[in-house]
Amino acid sequence: MSHEAAELAARASYGKLVAYLATWSRDVAAAEDALGDAFLEAVDTWPRTGVPGRPEAWLLTVARRRLIDGARHAKVEDVAAAALRLVMDRAEHEASAKNVFPDERLKLLFVCAHPAIDPAARTPLMLQTVLGLDAARIASAFLVSPAAIGQQLVRVKAKIRDAGIVFEVPGRDELPSRLEPVLEAIYAAYGSGWEDVAGADPRRQGLAEEAIWLGRLVTRLLPDEPEAEGLVALMLHCEARREARRDSDGNYVPLTMQDVSRWSRTMLEEAEARLSAASSANTPGRFQLEAAIQSVHARRAATGRTDWEAIALLYEGLIRLAPTVGARVGQAAALAEARGAQAGLEALGAIPPETISAYQPYWALSAHLLKGLGRNTEAAAAYARAIGLSTDSALRRFLAAQSPTI
Amino acid sequence: MKYTIVVYESESDFSARADAKRKDAYWGAYKAYTQALTEAGVMAGGAGLQPPPTGTTVRQRNGKRQVQDGPFAEAKEQVGGFYVIDVPNLDKALEWAARCPAASSAGVEVRPNLSM
């Protein structure tokens, strides 16, 4: 088994075990601790006794014992401990009878993105409980301090336990509104939606693969949800261009200049298949629209051109759903390509100024359009602003080279 | 709340300052970063420093003064300057720190200022 395969298997196991233990104990932190102990015991025991025939069942038995011991230590009322033991026994019996145990990860995903959980905590919580990522890795991806995120996760898990948040998959009527934050949390792990304008490489943040994995998990556990399919299609479209985003010297290459032969055919095909399956339901949503925008870009591989009017129209739809600064800058870029730099600048001018003072893509696009109109002094100032707001040295180099010399 | 972004630079960063091929990119990036901080209204002070060999370290021990050429500690990365920024919280400070050109080479350290 390759290292990567082993990591994926461990990840799948970890999430399933935590989800299962947490669903029954209703205590995410205790479930993780118990599982952590079980892994430690495995490291200690397995080299001597050999890996058990069903490692997951072995881990589950040890973790369950720890959970019940823990409950006793915490002086949980005897009744509660007895009830816990009972449900665990029953679950384990079911599991051993079927030689599998139920996959409760969907319930755990819905708990992580529950409306009662602080939106900023949802993605980190999901990454930690479902994927087993540590706080340092999560903190690096989100540019927050590891200590702060550790404390936040502890607080959130206590809230889940103390507030009695239910581990369940919402009913049909509630599902769309409850699924949205789940998908948003996964997308936040993928990285900024604006990679093509901002030029940041989501791979640098290191969680692109994990996010796609989570997205696929949702579509497997909850089939026929158009927005979930849309999200996976969107992430795959962006991921397909990863190689093309830098040239062989590591220089930044904007989307419109990318060598289409370096786009991943397999990822694009999967993205297109998922998007067309999603759109057959005829219930458009944010992720389907964003995936559709990327799909129009992808068509350049076949047609050699980009239909910017179509992209502008899709952005119009996105803005109607939620007028985010990202969508508005995206639309301005499309309008500029379709109707000229002046049209793009007018669209940029309509964006509320308080939202753009530290928003790099606004300045990068603004600089590009001003230069196109020959307004070089203003262009140079906007380029400087965009460079100052960039976090990526390849992108800084690219922008500096574009800036007109006055 | 005020934070200081301590800019650490490698020898290669310091030499870029006067290197004919690299100095435009170096100074351009810092000028742009400083300007972005100013225009976003978060800049509260700071300075760029001359390279480490220009430093002189002074220690007072048992009534005796020791003066030594060079920086306080020998290290691969040395302080090249600092920015003081005024932002609502650490997350915002880290966001600005990530944009500092040194973050992509040696590194930057963010510390909350003492209120005095």
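In which hand does helix 12 of chain A pass helix 13 of chain A? In this predicted model, the crossing of helix 12 of chain A with helix 13 of chain A is left-handed.

**Helix packing in chain A**

The axes of helix 12 (residues 208–221) of chain A and helix 13 (residues 226–240) of chain A come within 9 Å, with a crossing angle of roughly 155°. Because angles over 145 degrees count as roughly antiparallel, helix 12 of chain A is described as roughly antiparallel to helix 13 of chain A. On the side of helix 12 of chain A, the contact is made by A208(A), A211(A), I212(A), G215(A), R216(A), V218(A) and T219(A), while helix 13 of chain A brings A228(A), E229(A), L231(A), V232(A), M235(A), L236(A) and E239(A). Sorted by class, the contact of helix 12 of chain A with helix 13 of chain A holds nine nonpolar, two polar and three charged residues.

A second pair in chain A is arranged at another angle: the axes of helix 6 (residues 119–131) of chain A and helix 9 (residues 175–190) of chain A come within 9 Å and cross at roughly 80°. Helix 6 of chain A and helix 9 of chain A are therefore roughly perpendicular to each other. Here R122(A), T123(A), M126(A) and L127(A) of helix 6 of chain A meet P181(A), A185(A), A188(A) and A189(A) of helix 9 of chain A. The residues of this contact between helix 6 of chain A and helix 9 of chain A divide into six nonpolar, one polar and one charged.

How many of the eight residues of helix 5 (residues 105–112) of chain A are buried? Seven of the eight are buried, so helix 5 of chain A is largely enclosed by the rest of the structure. The buried residues of helix 5 of chain A are R105(A), K107(A), L108(A), L109(A), F110(A), V111(A) and C112(A).

**The two chains side by side**

The table sets out the values for each chain.

| Chain | Helices and strands | Buried residues | Contacts at least 24 apart, among those at least 6 apart in sequence |
|---|---|---|---|
| Chain B | three helices, six strands | 26% of 116 residues | 74% |

**The sheet of chain B**

Read along the sequence, chain B follows the pattern β-α-α-β-β-β-β-α-β, and its C-alpha atoms fill a box of roughly 45 × 45 × 20 Å along the principal axes. Four strands of chain B form an open sheet in the order 2-5-1-6, with antiparallel pairing. Strand 2 and strand 6 (107–112) of chain B are the edge strands, each pairing on one side only. Neighbouring strands of this sheet are turned by 20° against each other on average, direction ignored. Helix 3 of chain B packs on the sheet and touches strand 1, strand 5 and strand 6 of chain B, and the direction of helix 3 of chain B makes about 155° with that of strand 6 of chain B.

Within the sheet, strand 1 (residues 2–9) of chain B is joined to strand 5 (residues 78–86) of chain B by eight bridges, the two running antiparallel; V7(B) stands opposite G81(B) of strand 5 of chain B. Strand 2 (residues 43–48) of chain B pairs with strand 5 of chain B over five bridges, again in the antiparallel sense. In strand 5 of chain B, I85(B) is the bridge partner of M43(B), and Y83(B) is that of G46(B).

**The contact between the chains**

Which numbers of residues do chain B and chain A give to the contact? The contact takes 18 residues from chain B and 17 residues from chain A. On the side of chain B that touches chain A, helix 2 (23–39) and helix 3 (90–99) of chain B each supply at least two residues. Helix 2 of chain B gives the most to that side, with nine residues. By class, the residues of the side of chain B that touches chain A comprise 10 nonpolar, three polar and five charged.

Definitions and conventions: Residues numbered from 1 in each chain as written. Chains lettered and ligands numbered in written order. Predicted model: local features only at pLDDT ≥ 70, side-chain atom pairs only at ≥ 80, totals over all residues. Contact = placed C-beta atoms within 7 Å. Nonpolar A, V, L, I, M, F, W, Y, C, P; charged D, E, K, R; others polar. Axes fitted to C-alpha atoms, helices over the stretch in contact; angles between N-to-C directions. Parallel < 35°, antiparallel > 145°, perpendicular 65-115°, else oblique. Left-handed = near helix turned anticlockwise from the far one by under 90°. Pairing = 2+ DSSP bridges. Buried ≥ 20, exposed ≤ 12 C-beta atoms within 10 Å, placed from the backbone.
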